[in-house]
Amino acid sequence: MGQCLGLTPRGCERLKNGRAKAVRFTTLAALCEVLKCQPGDLLCWEPDDPGDRDRAAYESGASVPDGSSP
């Protein structure tokens, strides 16, 4: 599948293992076409900063761990 999307084997491995730091829109579009899905089915946002996680949880109404402040 990688070659038809223009990905190298290393690029495919990074996507598979969740280590990709970026994905081109053309790659995302090709993946969605091949898998017959939407981008939201493939991606989720996870903040790099643990403080952002607490803030995101607070703003969404989810529980925030004790001792944390948004």
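Hi everyone, let me start with Lys36, which takes a positive phi of about 50° just after H3. A word on the basis: this is a predicted model, where local features need pLDDT of at least 70, side-chain atom pairs count only at pLDDT 80 or more, and totals for chains, interfaces and linings use all residues. Residues are numbered from 1 along each chain as its sequence is written, and side-chain values use heavy atoms, with hydrogens and water left out.

Now the overall picture. The protein has five helices and zero strands; helices here are DSSP runs of H or I with at least four residues, strands runs of E with at least two, numbered from the N terminus. Of its 70 residues, 17% count as buried, meaning under 20% relative accessible area, with exposed over 50% and partly exposed in between (1.4 Å probe, protein chains only).

Back to H3, then. This helix covers residues 25–35, and its buried residues are Thr27, Leu28, Ala30, Leu31 and Cys32. Leu35 also sits in helix H3, but Leu35 is partly exposed, at a relative accessible area of 44%.

Thanks, and I'm happy to look at the model together!
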